[in-house]
Each structure stands twice: as structure tokens, then as C-alpha cells.
Amino acid sequence: MTGLLGAASSAADKRAALRAGLESGQLQRFPGAFSPLVAKLVAEIGFEGVYVSGATLSADLGLPDIGLTTLTEVTARGAQIAAATDLPTFIDADTGFGEPMNAARTVTVLEDAGLAGCHLEDQVNPKRCGHLDGKAVVSTAEMVKRIRAAVTARRDPNFVVCARTDAAGIEGVPAAIDRARAYADAGADLIFTEALAGAADFERFRAAVDTPLLANMTEFGKSELLSVRQLSDIGYNVVIYPVTTLRLAMFAVEAGLREIDSSGTQASLLGQMQHRSRLYELLRYADYNQFDDDIFNFSVKGADQ
């Protein structure tokens, strides 16, 4: 029953897997999971990792992605999702929830919670969604302090500290490349190139930066949706799909609720639902039943005497 009540792999093993993935030369695909159940599906289908998006976590709490969530909230949800599978889980840590010292504490807390890595961004605190207008970034020197603090704070050298730069849409791609180089020099293991317009910008970053690179393929944003093949050919190392599963789910939920409201029954929606048997399969109900049979297989005699 290994892995039934929790992941079979340790947090250290998962962090080693993420580190190996960055060095493998193969694009690592990290769909966003807004719950542990979604993470289980990500693992079953065969992706390389799980991503926890700050925007998705905010939305799931009914809040906009403008820096309102706390380290405690993010860590708690991240820990639940990370524990659900044997895959490495990579999490959005916004600006580190404060000053460089806060960024250092953020890394220690996330590491203790079983996460395999996180990204910190160079936006002014509090941040906003990377695909909104009106963003502002701190100085390169200030972000370098964040990265150095984060790298210094980790205990497991395989915990991946990723630096996200939002500067491309504010200062231009050349300035963002200069920032990426400075962040890598400060110790960042991975560079997250946010809100690039299209393949040409991704190619410019790859040609200019030696550090592993992460692409954000979020829908309805500023970036062209590039395929796994395109990103692999360019030479990117990680791709995230941060809000995809939430958008799919919420579209279906809204359609279903409107159907019940208008027709008075969900009968016409059954073909669009995950069947009970499929949910039970994903949750491994049969294995839990076997677990009970194997352990609680005794009877108490003479209990009434």
C-alpha cells in the first residue's frame, strides 16, 4: 500500500527529480493544479511535475491576484498538493511576501512543507498578475537581494530557486535579459521569462542566457501559446500551464449551474460529468478497501460477556 495515504517519494527525492529534470535537456511540463485531486490526475496522465499558481490560489479563495494572499495560505495549499503525488511540485511565491528577509523565510517554510522549488518575482510588493498592465518592478539591485536571501536560506541544495522577471513589458526585452543575467549571477537556478510576446522573444532570451528557462503558457494573456515542440526546439527547460485546469473546471461548473437554473435538472449534463467510477478509480477506493481488509481483519469475541 505504498503511497496510498501519502506520496511514496520523499520531499528530498522530489527535489532531486526537479533538479535532474532541469539538467535533462528535456522540456519539463508542469500543469497547474488547484487541488490535490487535480494533482493526482496530472501525475496519472504522465506529466513531469505539478505547478501551484498564485493567481489560481487567489481565485480559488475568491480574491484577485494582487498580492492579497499570505505565506501561510500559500504554504498550506502547496503542502496539500505536494503531498498528493510523487511528482515535484513547484510553487508561485510572488515577491517573497515582503523584504529579502521575508523571501528567505518563505524558502525555509516552503521547503519544510515539501515543495520542490518556488519562483520569486521582481515586481514591487504587493504584486499583480503578470499579464495585467500597470505593473512596476523593483531595481535590479533589490531583486538581487531577494534572490541571494532565498538561495542562502535553503537547506536542501536541490530546492530550486527561480527568479521571475516582469521587466520585458515595462523596460523592454533587452533590459529583461540584463536582469535575468544578474539574477542568475545572484544564484537563481531557473529564470522565468514572464509575458513575452511570441517565439522571437523566447528565442532572444534563450540565445542570451545560459541558465535554465521557464515559459508561462497561460491563456488569454500577452504571450503567444507555443507548443511543447516549439518550446523544446527553442531550448526552454520548463513550461507551466498555471490556470488551465481552473479555467476548464469553472467553465464547466458555470455551464452546469446555468443548466440546472434554467431547466430544473442536471439530467442533460450526465455525459459531461466525471463518472463516480472514474473518481473512485482516481482516488484508489479499491486499494483502500483492500487496506482495511488486510489490517482490520479481526473480530471481537465475547464482547457482550
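Colleague: Before we start, what does buried mean here?
Modeller: Buried means under 20% relative accessible area, and please keep in mind that this is a predicted model.

Colleague: Fine, so how many residues of strand 4 are buried?
Modeller: Strand 4, which covers residues 117–121, is mostly covered, with five of its five residues buried.

Colleague: Which residues sit on which side?
Modeller: Gly117, His119 and Glu121 lie on one side, while Cys118 and Leu120 lie on the other, and both faces of the strand are covered. In a regular strand, side chains alternate between the two faces of the sheet.

Colleague: Which strands does strand 4 pair with, and in what sense?
Modeller: Strand 3 (residues 89–92) pairs with strand 4 in the parallel sense over three bridges, and Phe90 has Gly117 as its bridge partner. Strand 5 (residues 160–165) also pairs with strand 4 in the parallel sense, over five bridges, and there Arg164 stands opposite Glu121.

Colleague: What do strand 3, helix 5 and strand 4 make?
Modeller: Together with helix 5 (residues 100–112), strands 3 and 4 make a β-α-β unit that is right-handed.

Colleague: Switching topic, what volume does the largest pocket have?
Modeller: Its volume is about 880 Å³, and of the 27 residues that line the pocket, Leu41, Leu248, Ala249, Ala252 and Gln274 are the closest to its centre.

Colleague: And which helix gives the most to that lining?
Modeller: Helix 11 does, with eleven residues, although helix 2 (36–45) and helix 12 (276–283) each supply at least two as well.

Colleague: How does the lining divide by residue type?
Modeller: The lining of the largest pocket holds 21 nonpolar residues and six polar ones, with no charged residues.

Terms used
Residues are numbered from 1 along each chain as its sequence is written. This is a predicted model: local features need pLDDT of at least 70, side-chain atom pairs count only at pLDDT 80 or more; totals for chains, interfaces and linings use all residues. Side-chain values use heavy atoms; hydrogens and water are left out. On a 1 Å grid over the protein atoms alone, a cavity is a set of points where a 1.4 Å probe fits but cannot get out, and a pocket is an open set with protein on both sides within 12 Å along at least five of seven lines; lining residues have an atom within 4 Å of a point. Grid points are joined across faces, edges and corners, and a volume is the space filled by probe spheres set on the points. Helices (H or I, at least four residues) and strands (E, at least two) are DSSP runs, numbered from the N terminus. Ala, Val, Leu, Ile, Met, Phe, Trp, Tyr, Cys and Pro count as nonpolar, Asp, Glu, Lys and Arg as charged, and the others, Gly among them, as polar. Buried means under 20% relative accessible area, exposed over 50%, partly exposed in between (1.4 Å probe, protein chains only). Two strands pair if DSSP finds at least two bridges between them. A crossover is right-handed if, with the strands pointing away from the viewer, the path from the first strand over the helix to the second runs clockwise.
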